[in-house]
Amino acid sequence: MLTFGIAGAIGSRLGGSAVDKWGSVRMIFSSVLVHIITLALLPLAIHSFPFAITLLSLWVMSMFIWLSQ
């Protein structure tokens, strides 16, 4: 939970800065793309706990980037 909270805080901070720099359409598109990639790779992480935590952290981070729009 701590890891996901930190990932969410980082995603929210990055999302706010990135929207100012690149615009909301580009950030929403890239965030959805990261969602798709992480969810597609998640079945590969069934035997690797660190890889699964990394993927889920990226997923949470991209969720908060998307929500910071």
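**Exercise 1.** State which residues of α1 are exposed and which are buried, and how the buried ones are placed around the axis.

*Solution.* Exposed means over 50% relative accessible area, buried under 20%, and partly exposed in between (1.4 Å probe, protein chains only). The buried residues of α1 are Ala7, Gly8, Gly11, Gly15 and Ala18. They cover an arc of only 105° around the axis, so they lie on the same side of α1; the arc is that of the directions from the helix axis to the C-beta atoms. Their cover includes α2 (24-41) and α3 (49-67).

The model is predicted: local features need pLDDT of at least 70, side-chain atom pairs count only at pLDDT 80 or more, and totals for chains, interfaces and linings use all residues. Residues are numbered from 1 along each chain as its sequence is written, and side-chain values use heavy atoms, without hydrogens and water.

**Exercise 2.** Check the span of helix α1 (residues 2-22).

*Solution.* The expected span is 1.5 Å times one less than the number of residues. Just after α1, Gly23 has a positive phi of about 95°.

**Exercise 3.** Describe the fold of the chain and compare its radius of gyration with the globule rule.

*Solution.* There are three helices and zero strands; helices (H or I, at least four residues) and strands (E, at least two) are DSSP runs, numbered from the N terminus. The radius of gyration is 12 Å, close to the 11 Å from the globule rule for 69 residues, so the chain is as compact as a globular protein of that length. The radius is taken over C-alpha atoms, and the rule is 2.2 Å times the number of residues to the power 0.38.

Terms used:
Contact = heavy atoms within 4.5 Å.
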